[in-house]
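Subject: Structure handover

Hello,

Here is the structure I promised to pass on. Please open it alongside this message; my notes follow.

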Amino acid sequence: MTTHFRGGMSELMRQASRLQRKIEQRKQELKTATVEATAGNDQVKVVVNGGKELVSITIAPELLKSEDLSMVQDLIVAAVNAGNEKATKFVDAELEKVTGGLKIPGLF
């Protein structure tokens, strides 16, 4: 069975190209959006942007007084990893809105 596209293959390629441009434009817009994640009962808070860049980190002063350095470092790593995961899920969900829910390999 052969599937025929309305307008042929060239129209399909044009639509894919338009979709690619929309995705790239949305990715650029999302680089300024931020998500927040925490670790250690909110004692370490990070903000990560849609480009998965760490924007800021806040550490509760009492944590620095009460815990040893290795524990603080572990909490920072946990918060940053959680922030990156949250940013990835946020960006993926926003890009699915652009594609109408289609997951197209290679486009995002």
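Start with one pair of side chains. Glu94 and Arg26 are joined by a polar contact of 2.8 Å between their side chains. Please keep in mind that this is a predicted model.

Glu94 sits in helix 3, which covers residues 69–99. Its relative accessibility is 13%, under the 20% cut-off, so Glu94 counts as buried. Leaving aside residues up to four places away in sequence, Glu94 touches Arg26 and Leu30.

Overall layout

Three helices and three strands make up the protein. Their order along the sequence is α-β-β-β-α-α. Of the 108 residues, 24% are buried. Among contacts with a separation of 6 or more, 48% link residues 24 or more positions apart.

Helix 1 against helix 3

Two packed helices are described by the angle between their axes and the distance between the axes. Here, the axes of helix 1 (residues 8–30) and helix 3 come within 10 Å. They cross at roughly 145°. The crossing is right-handed.

Which residues meet there? From helix 1 come Leu19, Lys22, Ile23, Arg26, Lys27 and Leu30. From helix 3 come Phe90, Val91, Glu94, Leu95, Val98 and Thr99. By class, this contact has seven nonpolar residues, four charged and one polar. The Glu94 and Arg26 pair described above belongs to this set.

Leu95 is another residue of helix 3. Is it buried or exposed? Its relative accessible area is 1%, under the 20% cut-off, so Leu95 is buried. Leu95 and Leu30 are 65 residues apart along the chain. Their C-alpha atoms are separated by 9.4 Å.

The three strands form an open sheet in the order 1-2-3, with antiparallel pairing. Strand 1 and strand 3 (54–59) stand at the edges. Each has a single partner strand, so one side of each is left without a neighbour in the sheet. From one strand to the next, the twist averages 15°. Helix 3 packs on this sheet and touches strand 1, strand 2 and strand 3. Its direction makes about 145° with that of strand 1.

Strand 1 spans residues 34–39, and its side chains alternate. Val35, Ala37 and Ala39 point to one face and are buried.

Strand 2 covers residues 44–49 and runs antiparallel to strand 1, joined to it by six bridges. Ala39 stands opposite Val44 in strand 2. Val35 stands opposite Val48 in strand 2.

On its other pairing, strand 2 meets strand 3 over five bridges, again in the antiparallel sense. Lys45 stands opposite Thr58 in strand 3.

How many residues of strand 2 are buried? Five of the six are, so strand 2 is largely enclosed by the rest of the structure.

Most residues other than glycine have a negative phi. Both hairpins are worth a look with that in mind.

The hairpin of strand 1 and strand 2 has four residues between the strands. Gly40 takes a positive phi near 60° there. Asp42 lies in the loop between strand 1 and strand 2. Asp42 has a positive phi of about 70°, although it is not a glycine. Its relative accessible area is 55%, over the 50% cut-off, so Asp42 is exposed.

The hairpin of strand 2 and strand 3 also has four residues between the strands. Which residue takes a positive phi near 60° in this hairpin? That is Lys52, in the loop between strand 2 and strand 3. Lys52 is not a glycine either. Its relative accessibility is 47%, between the 20% and 50% cut-offs, so Lys52 counts as partly exposed.

For a quick tour, begin at the Glu94 and Arg26 contact. Go on to where helix 1 and helix 3 cross. Then follow helix 3 onto the sheet.

Best wishes

Notes:
Residues are numbered from 1 along each chain as its sequence is written. This is a predicted model: local features need pLDDT of at least 70, side-chain atom pairs count only at pLDDT 80 or more; totals for chains, interfaces and linings use all residues. Side-chain values use heavy atoms; hydrogens and water are left out. Buried means under 20% relative accessible area, exposed over 50%, partly exposed in between (1.4 Å probe, protein chains only). Helices (H or I, at least four residues) and strands (E, at least two) are DSSP runs, numbered from the N terminus. Two strands pair if DSSP finds at least two bridges between them. A polar contact is a pair of N or O atoms within 3.5 Å; within protein, one must be able to donate a hydrogen and the other to accept it, and residues adjacent in sequence count only if both atoms are side-chain atoms. Contact means heavy atoms within 4.5 Å. Axes are lines fitted to C-alpha atoms, for helices over the stretch in contact, and angles run from 0 to 180 degrees between N-to-C directions. A crossing is left-handed if the near helix is turned anticlockwise from the far one by less than a right angle, and right-handed if clockwise. Ala, Val, Leu, Ile, Met, Phe, Trp, Tyr, Cys and Pro count as nonpolar, Asp, Glu, Lys and Arg as charged, and the others, Gly among them, as polar.
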